[in-house]
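Good morning, and thank you for joining. May I ask you to bring up the sequence and the structure on your screens before I turn to the packing of helices and strands.

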Amino acid sequence: MLHGRAHELGVLREVVAAAAAGRGAALVVRGGAGIGKSALLAEVERGSGLPVVSAAGSELEGHLPYAGLHQVCHPFVRHLDELPPAPARAVRRVLGIDAGDGTDEPPAAVAAAVLALLRAAAPRGLVCLVDDAHWLDPASAEVLAAAARRVGTVPLALLLAARDAPEAVEGSGGESGNSAGTPAGTAAADDAFARLPHLRLAPLPEDAARRLLQAQVRTPLDAAVRERIVAEAAGNPLALLELPHAADAGPGGRDDLHPPRGGSTSEALSARFAHRAARLPAPARLLLTLAAAEPTGEPALLERAAPRLGLGTAEREQALATGLLTIGERVRFRHPLARSAVYRTAPQSERRSVHAALAAVTDAAGDPDRRAWHLAQAAAGPDEAVAAELERSALRARRRGGFAAEGAFLERAAVLSVDAAARTARLLAAAEAQRAAGVPEAALHLVAVAGNGPLTRAERAAVDALRARSAYDRSRDPAAIGLLLSAAASLAEVDVARAREVLLQAHAAVVFAGRFADAGLAERVARAVRGLPAGTGTSARSSLDGLLQGLLAHRLDGSAGVPPLRRAVDDHLARGTGLLQEGVLWLACSAAQDLWDETAFQVIAERQLAAARAAGAVAVLPVVLSYRALAHVHAGQFAQAQELVDESHRVTDELAAPRMPYVDVTVAAWRGLSGRTERLCAAAEADAVERREGRLLTAVQYARAVLLNGQGRYAEALRSAAPAGELDEQSMRVWIGPELVEAAARAGAPEQARAALQRLERSAAAIEGDWPAGVLHRCRALLSTGAAAEEHHRAALEHLQRTAAAPHLARSHLLFGEWLRREGRRREAHRQLQRAHELLTALGAHAFAARAAGELQVLTGGAPGAGRGPLTARELQVAQLVAAGATTQEVAAQLVISPRTVDAHLRAVFAKLGIGSRRDLREWSAELPGPAGR
C-alpha cells in the first residue's frame, strides 16, 4: 500500500484511463533515488486493467544501442508481419533482427514504427512502463521521447520514471568500459525527455512517513528510534524502509542503529543494500552478482547461466530471502541502487565469472553485441579474439545507435588488443567516434593514449589531425586553423582523402573566422586543396571533394565558379548526407544558399538534421540545427525556427561549447522584438570579438539591419549593414545584400545601394530561379523611377509568389504599396499595403507589420487601425494585463470598464503594434513600458 501518494497515483491512473478510452498520453515521473517512482509504476501495473509491457534502463547497457527499446518491442515481434513493410523494416533494423544501417531510420520514423507495432499488439490499449529512464541508452531515449510526442493517436499510456540529477556509478567505469564512470545514457535521456509532461515526486509528509514506517516494520520500535528514522529519512520512502534493517540487536535496535550522517540518501541506501548482500554465503552472493550483471531481467538467461557457476536452487532461495530481488516474469531488484550496490561491491574475479557465464548463454546470432560486451567484461587481460568481436560490434553499434556507442565498443576493444598496431588503430577510431559524438575531451584523451605508443607515419598524421580538429571543435578559435593546415600537410603525404577532409574543416574554420581570419589564410587553404590530386570514384569522400572544390571555385572565380558549385550541390543531393562525423556538411547548405537554391537548401538541411540525430552526431548537431532553423526563417516559420535554436543552445551547453546565436538574433529581429534583439546582439557581439568569430559579427549586423529596416530607421540600418555587406561573405551575401540595398536606398545613399546591388547581381550571375530573380527585381525597383520601378515591383511579386520565401514576398508587397502611395495611386497602394499587413501579421513580423499599418494610416486615416502611434495610458494598461495572461473579463473587472471596451482598446493596441493576437502581445511584453515590460 502506498502512503501519501494518492494525488500522484491519481494522475498516473488518469493517463492509463485515457489510453483505455483510445487517447494516448505520456508522462515522466521524476524525483530523487528512493522517492517512490518504481513503487508508483508497480501500483499502476497491478491495477491498470490493460496489458502491460515493462522496461528499465541500466547503467551497464548505456552503450548498447536500442537495449531499452528491445525490452519494449521484443514481446511483440510476432506482430511485425501485421505492419506495412517500411515500419516493420525499421523495427527489425534497430532491434538487430535484420541487417541494415540504422542511421537510415531517424528517431521519428522509428518512433512511428514502434507505435504502429504496439497498436497492432494491443489495439484496445496498452500500458508501457519504463523505469530508470535516466539510464536508457541514447538511441532508445530518443525514440521513446519521439514516441511520447506522437502518442496521442495510439491507445498507449507511456509512463517513464527518471531520477533527478543522475549520479555517477562508482567503480563501474573499468568494468563497463565507460571510462568516465557515468552512465552513458543519462545526459541524452535528460535532454530527450526535457520537453515531455512530467510529475515531480516530493518527499513524503511526516505523517505519511510515520504511517509507512508503522505499516512496514513488523518489530516494535521505541518512540525515539522511530522519530530518528523519520527525521533521517527526510521523507524518502525507500530510506524509511531500509534504515530499520540496520537494527540488529533486538526489538528497539537502538544501540546498533547508525543512520547516515552526511552524504547523500542514495549513498546511504547503497551502503545498506551492499551490507545486506555481504551477509550471504559466497555462492548466494555470486547468484546476486549474476542477476545484477544481466540487466535485461530475462529469467531464462539466469537459469541457463547459474549452473555454469555451480549455482542451484539453494543459492537462489538464499538470494531471494534477502528481499533484494524477486524472480517472476522478470528478474527485478528491489531498487536500481540495490543492483548497482551488488555489482559494484562484488570482487572483479566474480564479475568476470558471471559475465563469462552470461556470454556463454547469450545467442551469438540473435544478440551478438550483448554477447561481445559480456565477453569484454569477462576478459581478465588482453584477448585479441574478443577485441576483434568488439570491433565488429562497433560498426553495428554505430549503424544502430550512433557514434557514442561505436566509441565505447572501440575503446574497450583497444584495451583488450594484443597487437600494438591494432590497439593504436582502435584507439584512433574510438577517438574519431568520440569527437563525432561531441566529446572532444574524450577524443583528446584517447589520442594522447595512442600517442604514447609507437606510431606509423600515417598514424602520427592522424593524431595531429585529430588534435587539431578537436581543438577547433571546443572553441571555434581561428588559431586552430594553422594546426588544421599543418595536419592536412602531414596527411597529404600518406592519406589524400583524409587530408581533403581536414582541409574542408580548415575552409569551414576560415568561413567562421570571417573578418578575423589572418591575411592569406583563405588563399593558403585554396593552394593546399588545389595541390591535392582530384578525388575519384563514387564515395562520400569524393562528394566532399567536389563540395570543397566547388566552394573554392565560387569564392575565387565568381560566376565562373557556379557550374562546379552546382555540380557539387547536385551530387550532394543525390548521395545524401555523407560523412557526418566530419562536422562540416553544413557547408552544403551554405553552398545551396550561394546558389540561391531554396529547395536544395531545405532538403539538405532536413536530411542533415535527421541523419545527425539518427547517428548521434552530437558535435555537428548545433550547426545543422541552426541551418534547419534558418530554412524555417526563410519560409517565415519563426516559431519552428526558435524551437530548433533552443535545442541547439541546450546541446552546446551540454557540450560546454560556444553557443551559436546566429538564428536566435535573426528570429528576434524578424519578429520586431527590439529589446530582445538588442540583448541577444550585444551578447553575441561580445562573444564574437572575444573568440574572433567574424561570421557571427556579420549575423549580428544583419539582424540589426532587419530590425531597423522594419522600424523604418533606415540610416541606422545602413550603418549596421554596410560593414557586413562590403565583406561579401560566403552564403551571407544573399541575406545581408537585400537589407543593405533597402537601407541605403531609403536613407538617401543611392551609390551605396547601387554598389550593394552590383554585388548581389554578381552573386546571382549564371544562376536561374525565382528567389534570386524576385529579390533582384525588388532591389532594382528601389533604385528605379516611373514605369521601370513599377515593372520591377510587379516582377518581384510574380517571382516571389512561386517561392517559399514568405517574408520576402510580404515585404515586396509593402515596398510596392509604399511606392504606389508616394505616386498618388491610393487605391492600388491600399490593396498592396493591406495585403502586406495581413501577411506580415500572420507571419509574426511585428515591426514590418507596424510599418504597413503606419502607411495605411497615412493613406486612409486609420485602416487597419490607429497606426503605429504611441499607446494611450488606458491602452497600455490593457496591453500589460493581457500580456500577463489576464482574460477580457478579468481586465474589465480590474479596470472597472466593460468587456466591450476592453476589446476595443485591445484592437487599437494590435493595430498600433502591428500584431494580430494575444500570443503576439505576450511576445511584445518585453517592449512595453512599466511592470509588464520589465
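In helix α39, the residues D770, W771, A773, G774, V775, H777, R778, R780 and A781 meet A789, H792, H793, A795, A796, H799 and L800 of α40; contact means heavy atoms within 4.5 Å. By class, this contact comprises eight nonpolar, five polar and three charged residues. Here Ala, Val, Leu, Ile, Met, Phe, Trp, Tyr, Cys and Pro count as nonpolar, Asp, Glu, Lys and Arg as charged, and the others, Gly among them, as polar.

This is a predicted model, in which local features need pLDDT of at least 70 and side-chain atom pairs count only at pLDDT 80 or more, while totals for chains, interfaces and linings use all residues. Residues are numbered from 1 along each chain as its sequence is written, and side-chain values use heavy atoms, with hydrogens and water left out.

Helices (H or I, at least four residues) and strands (E, at least two) are DSSP runs, numbered from the N terminus. How do α39 and α40 pack? The helices, residues 770-782 and 786-800, have axes 8 Å apart and an angle of about 155°. Axes are lines fitted to C-alpha atoms, for helices over the stretch in contact, and angles run from 0 to 180 degrees between N-to-C directions. The two are therefore roughly antiparallel, a term for angles over 145 degrees. The crossing of α39 past α40 is left-handed, that is, the near helix is turned anticlockwise from the far one by less than a right angle.

A second pair is α13 (residues 282-293) and α16 (residues 336-345), whose axes come within 9 Å and cross at roughly 115°. Their contact involves L288, T289, A291, A292 and A293 of α13, together with R339, V342 and Y343 of α16.

I turn now to the sheet. It is open, with five strands in the order β2-β3-β4-β1-β5 and parallel pairing; two strands pair if DSSP finds at least two bridges between them. Because β2 (52-56) and β5 (198-200) stand at the edges with a single partner strand each, one side of each has no neighbour in the sheet. Strands β1 (residues 25-31) and β4 (residues 156-163) pair over seven bridges, and V28 stands opposite L160 in β4.

Helix α1 (residues 6-20) lies across β1, β3 (126-131), β4 and β5, at about 145° to β4. Helix α2 (residues 37-47) also packs on the sheet, touching β1, β2, β3 and β4.

Technical notes. Angles under 35 degrees count as roughly parallel, over 145 as roughly antiparallel, 65 to 115 as roughly perpendicular and the rest as oblique.
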